[in-house]
Amino acid sequence: MRITVDSDRCVGAGQCVLSAPDVFDQDEDGLVVVLDPRPAPGEHDVVQQAGDLCPAHAITVNED
Amino acid sequence: MTGTEPKTVPFPLRVPGEPFPPPRYEEYRRREGLVPTQLPNGNRVWLVTRHTEVRAVLTSKKISANPDREGFPHISDTMGVPRQEQIPGWFVGLDSPEHDRFRKALIPEFTVRRVRAMRPAIERTVDELIDTMLAAGNSADLVADFALPVPSLVISTLLGIPPVDRDFFESRTRTLVSIRTSTEQQRDTAAKELLRYINRLVGIKAQWPGDDLITRLLATGSISVQEMTGVLMLLLIAGHETTANNIALGVVTLLLNPQWVGDQRAVEETLRFHSVADLVSLRVAVEDVEIGGHLIRAGEGVIPLAAAANHDESAFACPHAFDPARTERHHVAFGYGVHQCLGQNLVRTEMEIVYRRLFERIPTLELAVPVEELPLKYDGVLYGLHELPVRW
């Protein structure tokens, strides 16, 4: 799994941080930061959820 | 695309005695395409009820949130607050890119980390309100004495309102949303007093900076002093009654389902289950756009119904059951798209603290009237309770 984010689209809802706190964070501006662009299989479900919950479609999750 | 003219349904007002969300939402979801309805003013608009299509509407670039646009579905007055054309900074009614300048300036105030740092102050506020209720006897109206003051005091702290002004702020904000116990003139006066107060406060913060949202927002330089009033009034309106309704309805639901008391997951499920902001995300198409195989023409109003989407059986298993253990979290109680509630993490935190502290400190809490006699809000924009008589 590979995660890419578009912080221009990010609206800072924070849903990704709530879903997968070990994979996503918010920077000083409150915008999305990826802590782990290639998360371990144990994180895949919550990362998919984070991608789906993002109200601005700022998160793209690609399966390898 | 449907060829025949679909049947127009009555505007979805809440009806006394009818459960919410109303059973007819289920029927609307089963219909092909969208559901035409008529606004109280006679204009025809589209209701959107399925989860996928509600999300599609709220993320479409061809659909606008700007109430100044021709065809926008105005459904109610603005509780005494001037419309946005008279109050700059009311950015919930702006589209991208104009909207984004305001949102971006505010995002840092509501991050998960920032809200976590507010927890001790929120807990103090909640505990003080519980102290006051306990000291006053063994019964209370949990709406007036608790559910409304909690978010008002939290917002006061956030904005840096001096403690000496908090009673003023709390009483005026309460008048503004108490449509049963206040007259239109009282609400109008309260709104004017609040606007004047906020205006003055911005002036004071500009001169004497503090450690608060107003000071930080002014320091960004991206929002003018004139726009600040609209921004702050919006934060107040958006964060006050919505939160109070979730607090009150959540407490009732927990009293009826005591097995979930103490379970943090009750917060998310309360948001979905009650969907207090069903009729809030109003939109108008700016170009012809297809939603769920149905053509919406430019200039037609669109009303995505959050409660209908949140009870869509294709998105949530057994949607009519209150089940905090469910794994689906994709409800649209906070909306979706760029306007999704900015304060959602603050609301979640307030609800979590409130449910926990209330039941920890008042374990014998119970309803003081039969549940079917609770005065539900059928007359405002938001769903909730006018009063919540409790005892212990």
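Student: What is the order of the strands in the open sheet of chain B, and how do they pair?

Tutor: Start with the terms. Strands (E, at least two residues) and helices (H or I, at least four) are DSSP runs, numbered from the N terminus. Two strands pair if DSSP finds at least two bridges between them. Here, in a predicted model, the open sheet has three strands in the order β4-β10-β9 (chain B), with antiparallel pairing.

Student: Which are the edge strands?

Tutor: They are β4 (139-141) and β9 of chain B, and each pairs on one side only. β9(B) and β10(B) run antiparallel and are joined by two bridges. In one bridge, E366(B) has R391(B) in β10(B) as its partner.

Student: How should I treat the numbering and the limits of this model?

Tutor: Residues are numbered from 1 along each chain as its sequence is written, chains are lettered from A and ligands numbered from 1 in the order in which they are written, and side-chain values use heavy atoms, leaving out hydrogens and water. As the model is predicted, local features need pLDDT of at least 70 and side-chain atom pairs count only at pLDDT 80 or more, while totals for chains, interfaces and linings use all residues.

Student: How many aromatic pairs are there over all chains?

Tutor: Rings of Phe, Tyr and Trp (its six-membered ring) pair if their centres lie within 6.5 Å; planes under 30 degrees apart count as stacked, over 60 as edge-to-face and the rest as tilted. The structure holds five such pairs over all chains. In one of them, F20(B) and Y383(B) have ring centres 4.4 Å apart and planes at 35°, so the pair is tilted. F20(B) lies in the segment before α1 (24-30) of chain B, and Y383(B) in the loop between β9 (366-367) and β10 (389-391), 363 residues apart.

Student: Are F20(B) and Y383(B) buried or exposed?

Tutor: Buried means under 20% relative accessible area, exposed over 50%, and partly exposed in between (1.4 Å probe, protein chains only). Both F20(B) and Y383(B) are buried.

Student: Why is the pair of F273(B) and F322(B) called edge-to-face?

Tutor: The ring planes of F273(B) and F322(B) are at 75° and their centres 5.4 Å apart, so the pair is edge-to-face. F273(B) is buried, and so is F322(B).

Student: What does the side chain of E352(B) make a polar contact with?

Tutor: A polar contact is a pair of N or O atoms within 3.5 Å; within protein, one must be able to donate a hydrogen and the other to accept it, and residues adjacent in sequence count only if both atoms are side-chain atoms. The side chain of E352(B) makes one with the side chain of R119(B) (2.3 Å). E352(B) is in helix α13 of chain B and is buried, at 11% relative accessible area.
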